Amino acid sequence: MRFQSIVVLVLLVFVLTSFTKPSSIYRKGWIDLNKNNKKDIYEDPSQPIDARVNDLLSQMNLNEKTCQMATLYGWKRILKDSLPTPDWKHKIWKDGIANIDEHLNGFVGWTKRDESKFAADMKYHVWAMNETQRFFIEQTRLGIPVDFTNEGIRGIEAYEATGFPTQLNMGMTWNKSLVYEMGKITGLEARALGYTNVYAPILDVARDQRWGRLEEVYGEDPFLVGTLGVQMTKGLQNNNTVAATAKHFAVYSANKGAREGLARTDPQVAPREVEDVLLYPFKKVIKEADLQGVMSSYNDYDGIPITGSKYWLTDRLRTDFGFTGYVVSDSDALEYLYSKHRVAGNLKEAVYQAFMAGLNVRTTFDKPDSIIIYLRELVNEGRMPVDTLNNRVKSVLKVKFKMGLFDQPYVKDANATRKLVNSEAHQAVALQASRESIVLLKNQNGILPLQKNKKVAVIGPNATDADYAHTHYGPLKSVSVNVLQGIVQKLGDANVKYRKGCHLVDQKWPESELLPEEPNEEERKSIDSAVNIAKQSDQVILVLGGNTQTAGENKSRISLDLTGHQLLLAKEVVKTGKPVVVVFIGSQPISFNWINKNVKGIIYAGYPGVKGGIAIADVLFGDYNPGGKITLTFPRSVGQIPMNFPTKPNAQSDAGEHAKAKGLLYPFGHGLSYTNFTYSDLKIITPEINTDGTVQLSMTVKNIGALKGDEVVQLYIRDNVSSVTTYEKILRGFERITLQPNESKVLNFTVPAHELALWNREMKQVVEPGVFTVMLGSSSENIKLKGSFVVK
């Protein structure tokens, strides 16, 4: 530690003495960014943003403009220096840079962490971020600040920050205000750590349960994804704290066969499904939340790569949806134009195609030099018009002005950062999110909640594994609580015994997905040991499922069955005759047919965040009444895929089938409670509306059980007769409410007519007159109230 402190001290002295300090550019209420001793329009906070952008652009030369069109990856990714050095005056970013991504956030690889003080110590981190920014303010000609970008889908990615559940779990809360609070906390902590642009929310809509990145999406319904995306974006961008950059535009999550890795091409989706499902959330969030950033995706659609398409990046994104922020490429998306899609003959041609299409900033795991140099060549050759160049740069500058970077480029108080980031108040919100995200799938004969005064056996490979709380795209080192720890904290060591039982995967996995292996002697002994512990206990908690070994980015599967010998472990434990409940960890639905038939209590916890073990224990032992609902369809077999919500009439029906197992494990929107609710008094307040009107309705929910509990009321609508085939039902409203025993509440819903639109036979989006059915229920299949209204 002493040596490390000496190194840090040397670095501080080095930075402080390396650069000539400009005469005081920091004036009262403004900064003399171009060091000319007068307040230019772009330096004047009282001027309109457009005027400031135009003034700055008029002063920029070609080198400075093109530097605002590329990303520099941060320390230990591409950047070799944690702090500015004199050599920076000779680097291409001596003229500025659009953004620095993941700088000093602690992530340097999937299995590596940056343990240096500039990542791990918040005070040093804030100082280092400020010094990096100071280089661009003080040592470049025009003082254009850098936009520090960073990941943030389960809390800001930092060595330490508030760790929330994954987006999938946040989807399972169905709680709009909670998602807003998560966004607000993430934005505040990001800005306090020096980051001004957060790559969130992810607006992809799940289509295939094998996809490894399911943890990153809210679910498989576009309305749910869009609605929660609006709240997350508004929370992040509250008071322009940070810019939100949504991923991945467009048609990204419909990978052929759920393949990802280096595939990410050739999505098999019909045009109307693209519009109604995959584009819907982006359009909604842009229009309702003024989204400031979009990341263009790797893939093509119908042979046209998104990142090289004017149709996608300009005509749809800006003209149709009204997007005004800046578009950054997903890493290598630009390079793929020539290296994968082969629509460009070389990198320079790929640069031309992407920026002419509408890209603003290129991001990749490589130096920014080549892209910047090629841009300069293209302008000098006359291939890229200066007006196009200016338009691309304007969008970047506008976001920077909107976020206040030109007026307040530094983090002012590192001590305030230390008090704010991962504070107890923020952790309390994260814990509530963990609790609300947990789903009770099955509770036969009221086996749950378990009794606290009994001896408990905790068994399974996921009981002690909380790796999901420390992976990429969120906090890396925030202290986590696994399931076993949560149970022991609640019951005490004396009442809990643990055995792993088996590993998450066997020695031959993933080959064993195709060629199943019998357990070897060591594995059999481990299972036997777990069975013996179960026999000595009054009740058993099996913690099974998947984790970072079996799912995640570039980790899609060919099966939905439990990996390794987990099913065998479950069968052997159930044979003991002890009361057994199963907790499933993991982002992918699992085809747990045997367990579903033979185990009375089943909880799906997803990836419940750093406080997940506490939340799961609270649910298991009745200190929290679960109210989450699944946002993915749980099929019985991988052979049923594609199987998702929403669906066309009879497209997923088993009627008339005679050669296959039928039905689902659990439908979209399913989730139980330890109490019961009734639905009544549906009133269609506006039984007739025009094609530009709004449907208004109300209904009453009552808690008829003995416990306080949450219910998620879901509103579905069906277009009874239409010019094209439409979905059996579409989600168009939901509310999560908390009710005391015997308490009732009237819920009001409004549905604007544009939410009833379809794409007609001429591929025009219209609202057609006719009768629409209203359905309200506790899941997509458990419909409890029905009514109708007419569009004239």
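## Domains, spaces and backbone

Between domain 2 and domain 3 there is one salt bridge, a term that here asks for a side-chain nitrogen of Lys or Arg within 4 Å of a carboxyl oxygen of Asp or Glu. The side chains that form a salt bridge are those of Lys 629 and Glu 711, at 3.3 Å from N to O.

Before going further, a word on the ground rules. This is a predicted model, in which local features need pLDDT of at least 70 and side-chain atom pairs count only at pLDDT 80 or more, while totals for chains, interfaces and linings use all residues. Residues are numbered from 1 along each chain as its sequence is written, and side-chain values use heavy atoms, with hydrogens and water left out.

The protein chain is assigned domain 1 (26–419), domain 2 (438–639 + 659–664) and domain 3 (677–791), with bounds that come from an automatic or database domain assignment. Taken over C-alpha atoms, the centres of domain 2 and domain 3 are 35 Å apart. In terms of contact (heavy atoms within 4.5 Å), six residues of domain 2 touch 10 residues of domain 3. The two bury about 530 Å² between them, and carbon and sulfur atoms give 41% of that area. Asn 625, Gly 627 and Lys 629 supply 73% of what domain 2 buries against domain 3, more than any other three residues. Buried area means the accessible area (1.4 Å probe) that two parts lose on being put together, summed over both.

On a 1 Å grid over the protein atoms alone, a cavity is a set of points where a 1.4 Å probe fits but cannot get out, whereas a pocket is an open set with protein on both sides within 12 Å along at least five of seven lines; lining residues have an atom within 4 Å of a point. Grid points are joined across faces, edges and corners, and a volume is the space filled by probe spheres set on the points. The whole structure holds six cavities of 30 Å³ or more.

| Largest pocket | about 630 Å³ | Tyr 280, Arg 732, His 754, Ala 757, Gln 765 |

The largest pocket lies between domain 1 (26–419) and domain 3 (677–791), because both give residues to its lining. Helix H10 provides the largest share of that lining, five residues. Helices (H or I, at least four residues) and strands (E, at least two) are DSSP runs, numbered from the N terminus.

Two cis peptide bonds are worth a look. One joins Lys 247 and His 248, with omega about -15°, and His 248 sits in strand S9 (residues 243–249). Another runs from Phe 249 to Ala 250, with omega near 5°; Ala 250 belongs to the loop between S9 and H9. Elsewhere, Trp 174, a residue other than glycine, has a positive phi near 55°. Trp 174 is found in the loop between helix H6 (167–173) and helix H7 (176–192).
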